[in-house]
Amino acid sequence: MAKVLLNQDQLQAVAKLFDLLAEPTRLDILQNLKKKPLSVGQIVDATNAKQSNISKQLGILHDAGMLKRERQGNLIFYSIADPMIFDLCELVCNKLRKDAQSQLAMVQSLAK
């Protein structure tokens, strides 16, 4: 399969997505929403972060199209808009795991 190079606009979009995911609190929020929709208060409890920071990060994720929100009475519940994000996280985690295994094998070979 031929690889197509991205143009500048496409590179900007990719960089913007990675920038969005570069914040640990946002990743924590996404991880907690993987199982089911949660209210802001439930997300605060699950992440042990301050409510103001969670609200800010939820707004950023929502504005980027990563989250959906639904009002139920006086509560707003957030959910994942596109589960594809977990495929991307899985790829990154696999890369980190592979790198850690390589480093461990190198250290073990030095110890012999």
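Among contacts in the protein between residues at least 6 apart in sequence, what percentage join residues at least 24 apart? The share is 48%. The model is a predicted one.

**Overall form**
- Read from the N terminus, the order of elements is α-α-β-α-α-β-β-α.
- The C-alpha trace spans about 60 × 40 × 20 Å along the principal axes of the protein.

**Burial, surface and charge**
- Of the 112 residues, 24% count as buried.
- The protein has an accessible surface of about 8,500 Å², and carbon and sulfur atoms account for 56% of that area.
- The protein carries 15 positive and 11 negative charges.
- The mean position of the positive charges lies 4 Å from the mean position of the negative charges.

**Strand pairing**
- Strand β3 covers residues 75-80 and pairs with strand β1, residues 38-39, in the antiparallel sense.
- The pairing of β1 with β3 rests on 2 bridges.
- In this pairing, Leu38 stands opposite Tyr78 of β3.
- Strand β2, residues 67-72, also runs antiparallel to β3, and 6 bridges join these two strands.
- Arg71 stands opposite Ile76 in β3.
- In a regular strand, side chains alternate between the two faces of the sheet.

**The β2-β3 hairpin**
- β2 and β3 form a hairpin, with 2 residues between the strands.
- Gly73 is in the turn of this hairpin and has a positive phi of about 65°.

**Asn48 and its loop**
- Helix α3 spans 40-47 and helix α4 spans 51-63, and Asn48 is found in the loop between them.
- Asn48 has a positive phi of about 60°, although this residue is not a glycine.
- Is Asn48 buried or exposed? Asn48 counts as exposed because its relative accessibility is 72%, and the cut-off for exposed is over 50%.

Note on methods: Residues numbered from 1 in each chain as written. Predicted model: local features only at pLDDT ≥ 70, side-chain atom pairs only at ≥ 80, totals over all residues. Heavy atoms only, no water. Helix = DSSP H or I, 4+ residues; strand = E, 2+ residues; numbered from the N terminus. Buried < 20%, exposed > 50% of the residue type's maximum accessible area, 1.4 Å probe, protein only. Contact = heavy atoms within 4.5 Å. Areas by Shrake-Rupley, 256 points an atom, 1.4 Å probe, with all protein chains shown as cover. Lys, Arg positive; Asp, Glu negative; His and termini not counted. Charge placed at Lys NZ, Arg CZ, Asp CG, Glu CD. Pairing = 2+ DSSP bridges.
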